[in-house]
Amino acid sequence: MSTLFKDRRPVEDEWVMVDGEQPIPTGVKVIVPLARYLEDPEAIKGPVGVLVEAGESLDGLRGHGGGLDLIALDFPSYADGRAFSKVRLLYEEWGFEGDIRAVGDVRIDQVLFMERCGFTSLLVSHQPTVDSLTAGHDPGIGHFYQPAAGAEVAASVPNRPWLRHRAG
Amino acid sequence: MYRYDEFDRDFVKARVSQFREQVERRVSGELSEDNFKPIRLQNGVYLQLHAYMLRVAVPYGTLNSAQMRMLAHIARKYDRGYGHLTTRQNIQFNWPKLADIPNILEDLASVEMHAIQTSGNCIRNVTADHLAGAAADEVADPRPYAEILRQWSTVHPEFLHLPRKFKIAVIASPNDRAAMQFHDIGLEVRKNDAGELGLRVFVGGGLGRTPMVAKEIRDFLPEKDLLSYCEAILRVYNLSGRRDNKYKARIKILVHETGLEELKEQVEAEFQRIKDGVLQLPRESVGAIEAYFAPPPFEALPATGEILAGAVSQNAAFNRWTRQNVHAHRQDGYASLTIALKGTGEAPGDVTADQMDVIADLAERYSFDELRFSHEQNAILPHVKQDDLPAIYDVLVEHALAAPNAGLITDMIACPGLDYCALATARSIPVAQSISKRFANMDRQEQIGALKLKISGCINACGHHHAGHIGILGLDKRGEETYQVTLGGSGDEQAAVGEIVGRGFAADEITDAVETIVTVYLEERQSKDETFIETYRRVGAAPFKIGLYPAQEAA
């Protein structure tokens, strides 16, 4: 059982994860594995997202970003931080404007880092994390020693634009 | 030195509260040990053989007397009355209780210290030349760059879950005193022909089970690009570094397997994309950080102190100590000095709470309130008047801190080994103690001259044995501690990985083996000015092998 969070609030998940073999259901928004999407990017009509596993490169998706409404990046474990760099590339290099979703082992202690790197939604299955987020509790620290992604950059301190700033 | 402002203070305080809450969640069971582990590691908390260990960050090894006194207080109150200086210029405490650690961190925060990122798969404490700001041979003080990197890497959201740990060192002199080329990123501050400051960048150095000397990836990176270039390297590494095997996860393996040219192209591509962005360092920003490291108010003094000259001529023991432990300073009439934490038979790098207080007092009174920890596990007073040296020496003698062996064979690096460490396969400290006692005669040590001996208690190489002129690696061979010897390693600007000389030695043979190596060197050297490493580079391993394994070599 997972809960989707956007802007720290639980929201209904309109997306259905479809694995490599299942038939594509009609009338719903589907997320398919990267390999399946790349086999035939035109095959799915309507809103489509892809799931990129931690070990998969984004390179194959280059040029296809425009046709996607969502890209989900997997965290197979707390220790695997590859998606933190991928989201920055999607956000900053590709200028991807759809939803970038963190899925997998999403933990409260990383939520702030995920947001800072550009994730726009989090699919959370870890119950204490669901509880903390629902309760509005965040152990993260709002003092940032470096600009990461997006709005943060503009908010940085005037005398050290390359460096530190407070959240918000 | 760098001083916290309100932002830094608030951040460190918030971090202490955050960790206190995380410890509570661990104790309540909400956090499993698996999920707590990366959190505690990034707060400097290890689980050792017998207890937790707390490693406190000393950025680029620079600290003041109030900080040193707080370390003494922590050693007394929460530990067993001593601390241990590490090869990353940090200090670690071997016996704290987990429940006390949030309180220790609070005490540290009160003197602008913390334990953030002294462990874990993140960017670790940035190290620098321990004579920064004092050495006559540097082109600039490397610490402003180290401080900028420290700030940028502090809780960098993208780089807290790297494939493996990531170490950065900065030097600013052609003479490398910080083993820069054994770092994931090594930086050498230099000037170009136009006189502008920039950095020579090395990547992919490291010790451990696959030792590698770093490779030059940029011969001159403009100062303004420091952070964007490092961020590009880290991003490429985070995406492509191996995660299937923790022993192949350091960037050195990525450099090796990808090839320097290919990796360089990837880094350059990412760098070109981001270099004109927000990470660009304006000169005024660097200048603002440099101001924290402005030279202290030195007095105008003659080049050589009169009192010093008098004491040297009257006191042979003092004279010997000045020969080894006192270093030339950029400022006339001043010197830097090494307080060698390597007295005969002592565990290298261990320092008692009382000694910490003494060193703090000396730093406050004689060295503009500043001291350093070196990666060679010694304390340094960077800026003392030459004429104060006799008075300082007397205090050091009184507190067993005047070992006159800096740079000599008994000034060893040794890891904690099997006496403390859960990873170790053999003991290190007893070997260091035995060698220290064998070579206790100072006349003999001086006769042998400059020699770097480094001991690790397992292949992870925390004791830098690969970089030792003589390296000793403790292994477990069918339940017996066995010590493998390497020769010819070096952590200086001619960085080299030592070569294994032959089969290992038992614990009761290793000191004799070192003795044999030294004897061969003394026979082979062309003059007493030819150092051990120079002789080794000239004659190679052959005569040492004959000395160590006579029967085998004759057969």
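Two strands count as paired when DSSP finds at least two bridges between them. Helices (H or I, at least four residues) and strands (E, at least two) are themselves DSSP runs, numbered from the N terminus. With that settled, β11(B) and strand β12 (residues 334-339) of chain B pair in the antiparallel sense over 3 bridges, and B:His327 has B:Ser336 in β12(B) as its bridge partner. The model is a predicted one, where local features need pLDDT of at least 70, side-chain atom pairs count only at pLDDT 80 or more, and totals for chains, interfaces and linings use all residues. Residues are numbered from 1 along each chain as its sequence is written, while chains are lettered from A and ligands numbered from 1 in the order in which they are written.

The β11(B)-β12(B) pair belongs to an open sheet of 5 strands with antiparallel pairing, in the order β3-β14-β15-β12-β11 (chain B). Its edges are β3 (62-64) and β11 (326-328) of chain B, each of which pairs on one side only. From one strand to the next, the twist averages 35 degrees; angles here run from 0 to 180 degrees between N-to-C directions, and axes are lines fitted to C-alpha atoms, for helices over the stretch in contact. Next along, β14(B) and strand β15 (residues 379-385) of chain B pair in the antiparallel sense over 2 bridges, and B:Arg372 stands opposite B:Ile380. The hairpin of β14(B) and β15(B) has 5 residues between the strands, and there B:Gln377 takes a positive phi near 65 degrees.

A helix goes with this sheet, too. α3(B) lies across β3 and β14 (370-373) of chain B and runs at about 85 degrees to β3(B). Contact, here and below, asks for two residues whose C-beta atoms, placed from the backbone, lie within 7 Å. Helix α3 (residues 65-78) of chain B also packs with helix α12 (residues 353-366) of chain B, at an angle of about 170 degrees and with their axes 8 Å apart. The two helices are therefore roughly antiparallel to each other (under 35 degrees counts as roughly parallel, over 145 as roughly antiparallel, 65 to 115 as roughly perpendicular and the rest as oblique). Among the residues that meet are B:Met68, B:Leu71 and B:Ala75 from α3(B), and B:Met356, B:Ile359 and B:Ala363 from α12(B). Sorted by type, the residues of this contact come to 9 nonpolar, 1 polar and 4 charged. For that sorting, Ala, Val, Leu, Ile, Met, Phe, Trp, Tyr, Cys and Pro count as nonpolar, Asp, Glu, Lys and Arg as charged, and the others, Gly among them, as polar.

Now for chain A, which has 5 helices and 10 strands. It contains an open sheet of 8 strands with mixed pairing, in the order β2-β1-β8-β7-β6-β5-β4-β3 (chain A). β2 (9-11) and β3 (15-17) of chain A are the edge strands, each pairing on one side only, and the twist averages 30 degrees from one strand to the next. Within the sheet, strand β6 (residues 70-75) and strand β7 (residues 99-104) of chain A run parallel, joined by 6 bridges; A:Ala72 has A:Arg101 as its bridge partner in β7(A). Helix α2 (residues 82-93) of chain A lies across β5 (48-52), β6 and β7 of chain A, at about 165 degrees to β6(A). Helix α4 (residues 127-134) of chain A packs on the sheet as well, touching β1 (3-6), β2 and β8 (121-124) of chain A, and its direction makes about 135 degrees with that of β8(A).

The two chains also meet, in a contact that takes 30 residues from chain A and 35 residues from chain B. On the chain A side, α2 and α3 (108-117) each supply at least two residues, and α2(A) gives the largest share, 5 residues. That side divides into 15 nonpolar, 6 polar and 9 charged residues.

Finally, the insides. A residue is buried if 20 or more other C-beta atoms lie within 10 Å of its own, exposed if 12 or fewer, and partly exposed in between, with C-beta atoms placed from the backbone. Buried residues make up 39% of the 168 residues in chain A.
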